[in-house]
Amino acid sequence: MVRRAVWGGSAVVVLLASAAFAGAALWPYGPLEQDYGAILQPPNPTHWLGTTRLGEDVLAQVLAGLRTSILVGLAVAVLSTAVAAVLGCVAGLRGGALDAGVIWLADAMLVFPPVLLVALMSPAFEGRSWLLVVGAIAAIHWMLPTRMVRARSRVLRDRGFVRAAVVAGAGPTHIVRRHLLPHLGALLAIDATLTVGTAVLAEAGLSYFGLGIRPPDLSLGTLIAAGAPSALTYGWLFLAPAAALVLLVGAVAAIGEGIRAMTAEPVG
């Protein structure tokens, strides 16, 4: 059952990613292409998900927004997991003042409200690349993974193979790369997978309130924000990006939880 969830979630993610990257190139309409003869049309054989108030194709916009949201999720997952791996391993291995400093910084960041942090950085996003949003979201997602990696690293540093490497004269970089990270692979994979879904939701929420990606750039968050006022009248404007968001986050969550369950299963 667990493996079915992983395979099912993976299939949905692959399908959505293929549509967002390959399908968008095959679809005859661009996300910002306006057709004034097809304004606010409901889903039909020509425009499968309908059109907007400016005659823009909703499917083309959803694919473009999905592409941006996937890229944001992956970039945040890679960045925050990499930071957590480095800080957690170094703090757990070295201990002392460095360990205390990393933990103090993580705890201080956890106390600071994430929305307030992003709100303070939000003015820097205006008129600039949405990649700045990636850095902002990653800045509020590295703390808990760092604490988990640090705790595991403290256990591993007392194992015989790490002690032997220290006695043999191996440096911290070698120990982290050859002895700690291989034993932390499952933990980091689970964290990275779950972070993708969390980051996509964070981006959607921030963009909905105007704190993240902003028009004319498209993401699922900006599309949901644009379609929300028309949810009860022209429902396809809201339901299409919302459904894409639910499918993406749900599929990624199924993969992450499935990997977590499989790594926790007893062997033999």
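Predicted model: local features only at pLDDT ≥ 70, side-chain atom pairs only at ≥ 80, totals over all residues.

Trainee: What is the volume of the largest pocket?
Mentor: The largest pocket has a volume of about 340 Å³. On a 1 Å grid over the protein atoms alone, a pocket is an open set of points where a 1.4 Å probe fits, with protein on both sides within 12 Å along at least five of seven lines, and lining residues have an atom within 4 Å of a point. Grid points are joined across faces, edges and corners, and the volume is the space filled by probe spheres set on the points.

Trainee: And which residues lie nearest its centre?
Mentor: The lining of the largest pocket has 18 residues, and T52, E56, Q61, L223 and A226 are the ones nearest the centre. Two or more lining residues come from each of helix 2 (58–94), helix 10 (220–227) and helix 11 (236–264), and helix 10 gives the most, with 4 residues. Helices here are DSSP runs (H or I, at least four residues), numbered from the N terminus.

Trainee: How does that lining split by class?
Mentor: The lining of the largest pocket has 11 nonpolar, 4 polar and 3 charged residues, where Ala, Val, Leu, Ile, Met, Phe, Trp, Tyr, Cys and Pro count as nonpolar, Asp, Glu, Lys and Arg as charged, and the others, Gly among them, as polar.

Trainee: Switching to charges, how many salt bridges are there?
Mentor: The count comes to 5 salt bridges, each being a side-chain nitrogen of Lys or Arg within 4 Å of a carboxyl oxygen of Asp or Glu. One of them joins R150 and D99 at 2.8 Å, N to O, and this pair links distant parts of the chain, with R150 in helix 6 (residues 143–156) and D99 in helix 3 (residues 96–111), 51 residues apart.

Trainee: Is D99 buried or exposed?
Mentor: D99 counts as buried because its relative accessible area is 5%, and buried means under 20% relative accessible area, exposed over 50%, and partly exposed in between (1.4 Å probe, protein chains only).

Trainee: Which residue does D107 bridge to?
Mentor: D107 forms a salt bridge with R147, with the closest N and O atoms 2.7 Å apart. D107 lies in helix 3 and R147 in helix 6, so the pair ties together parts that are 40 residues apart in sequence. D107 is partly exposed, with a relative accessible area of 31%, and R147 also counts as partly exposed at 31%. Shared partners, meanwhile, join D99, R150 and R154 into one salt-bridge network.

Trainee: Okay, new topic: where is S230, and what does it touch?
Mentor: S230 is in the loop between helix 10 and helix 11, and it counts as buried because its relative accessibility is 1%. Leaving aside residues up to four places away in sequence, S230 touches R53, G235 and L237, contact meaning heavy atoms within 4.5 Å.

Trainee: What about S207?
Mentor: S207 lies in helix 9 (residues 185–208) and is buried, at 5% relative accessibility. With the same exclusion of residues up to four places away, its contacts are G212, I213, S219, G221, T222 and A225.

Trainee: Which residues of helix 5 are buried, and what do they pack against?
Mentor: In helix 5 (residues 131–138), V133, V134, A136, I137 and A138 are buried, and the buried residues of helix 5 pack against helix 2, helix 4 (114–121) and helix 9.

Trainee: Last one, which peptide bond is cis?
Mentor: The bond from P215 to P216 is cis, with omega near 10°, and P216 sits in the loop between helix 9 and helix 10. L40, in the loop between helix 1 (2–26) and helix 2, has a positive phi near 50° although it is not a glycine. Most residues other than glycine have a negative phi, and most peptide bonds are trans.

Technical notes: Residues numbered from 1 in each chain as written. Heavy atoms only, no water.
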